[in-house]
Amino acid sequence: MYDLTTASSDCDYTVVFANDVEAMLQLKPPPLNMESKANFEFGADKHGIVEYSAKELGPFVVELAKGNPKVIELLYSEKPPLVANWAWEELRAMRCRLLTLRCARQYLGFAQDRLVKVVRACDAAEKSGGFDEKCGKDVSKLLYHLLHKTFDLRRILRGDTPHVALRGEERDHVLGIRNAPPASLEEARRAQCEADTAVRDAKLALDAAAAAGTLPAEANVEGLAAWLRAVRARCAARSAMSASAAESDVEEAAERL
């Protein structure tokens, strides 16, 4: 989705599905989340590995309301989904209403978390007196995550939309970090300083946007809930029509016997 794959990247799929309404009312309703993840260390070579995560529409909408970057990005990705229906297209049509201050703070929080982990990795290497290849790859992946989110965060704060797949100099810069991880603690510390500046600048921009009121504070939760109820109702109606049509077909077939 990010167009930043390397030789060690895995193949990762995300599925958003809607459970049958009647099935959700049963004593043992179907699951809301499913996933298949390989048990590898962070930054490990996962070439040829296929992973997936699947989330039911209800919890997915909750994550959208929270401004979770991982789900927001799915709506803004320009890569066409393998399969999509009318509900997904309706969600994409309302995606601009989900770029809120809460969402921006989620982007910033993600970047800040990665910065903390970069600092910890460098501190641990300095304390042990060794900076090995694995440490360099770990730092590289953390920096890639951090810079990717800060680039898109700055766009959101300017009133633009996230690119998801970086372009031009931004893509070249991040891909360079991915393909050439820090080979020494000194290189990692320099990259840490760059990351610290990127996060600090993004926070200043977010504070300015909050003061200026350029973004809504929250998503319209009531509107999202109403849309979700309407989707459930339409799905139930279509399911009932399909069941009725199937029953008519059975009766017609029986009459012909």
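This is a predicted model: local features need pLDDT of at least 70, side-chain atom pairs count only at pLDDT 80 or more; totals for chains, interfaces and linings use all residues.
Arginine 114 is buried, at a relative accessible area of 13%, where buried stands for under 20% relative accessible area, exposed for over 50%, and partly exposed for what lies in between, with a 1.4 Å probe and protein chains only. Its side chain meets that of aspartate 113 in a salt bridge, at 2.6 Å from N to O, and by salt bridge I mean a side-chain nitrogen of Lys or Arg within 4 Å of a carboxyl oxygen of Asp or Glu. Aspartate 113, for its part, counts as partly exposed, at 32% relative accessibility.

Residues are numbered from 1 along each chain as its sequence is written, and side-chain values use heavy atoms, with hydrogens and water left out.

How many salt bridges does the rule give? The count comes to 17. One of them joins glutamate 218 to arginine 102, with the closest N and O atoms 2.5 Å apart. Because glutamate 218 lies in the loop between helix 8 and helix 9, and arginine 102 in helix 5, this pair ties together parts that are 116 residues apart in sequence; helices here are DSSP runs of H or I with at least four residues, strands are runs of E with at least two, and both are numbered from the N terminus. Glutamate 218 is partly exposed, with a relative accessible area of 41%, and arginine 102 is also partly exposed, at 34%.

Another salt bridge is formed by the side chains of aspartate 207 and lysine 203, at 3.0 Å from N to O. These two are four residues apart in helix 8, so about one helical turn separates aspartate 207 from lysine 203.

Let me turn to the interior. Leucine 91, if we leave aside its neighbours within four places in sequence, is in contact with Leu57, Phe60, Leu64, Leu75 and Trp227, contact being heavy atoms within 4.5 Å.

Helix 3 is mostly covered, with seven of its eight residues buried, including Ile72, Glu73 and Tyr76. What do these buried residues pack against? They pack against strand 1, helix 2, helix 4, helix 5 and helix 6.

As for cysteines, the count of disulfides, defined as pairs of cysteine sulfur atoms within 2.5 Å, comes to zero. Cysteine 135 is accordingly in no disulfide, and the nearest cysteine sulfur, that of cysteine 122, is 6.3 Å away. Cysteine 135 is buried, at a relative accessible area of 12%, whereas cysteine 11 counts as partly exposed, at 32%.

Finally, the surface: Tyr13, Met34, Val50, Tyr52, Leu82 and Val83 form a nonpolar patch there, with about 650 Å² of accessible area together. Patches are made of residues with over 30% relative accessible area and no salt bridge, like charges being joined within 9 Å and nonpolar side chains (Val, Leu, Ile, Met, Phe, Trp, Tyr) within 5 Å, and the areas come from the Shrake-Rupley method with a 1.4 Å probe, where for residues only the protein chains shown count as cover. Methionine 34 of this patch lies in strand 2 and counts as partly exposed, at 37% relative accessibility.
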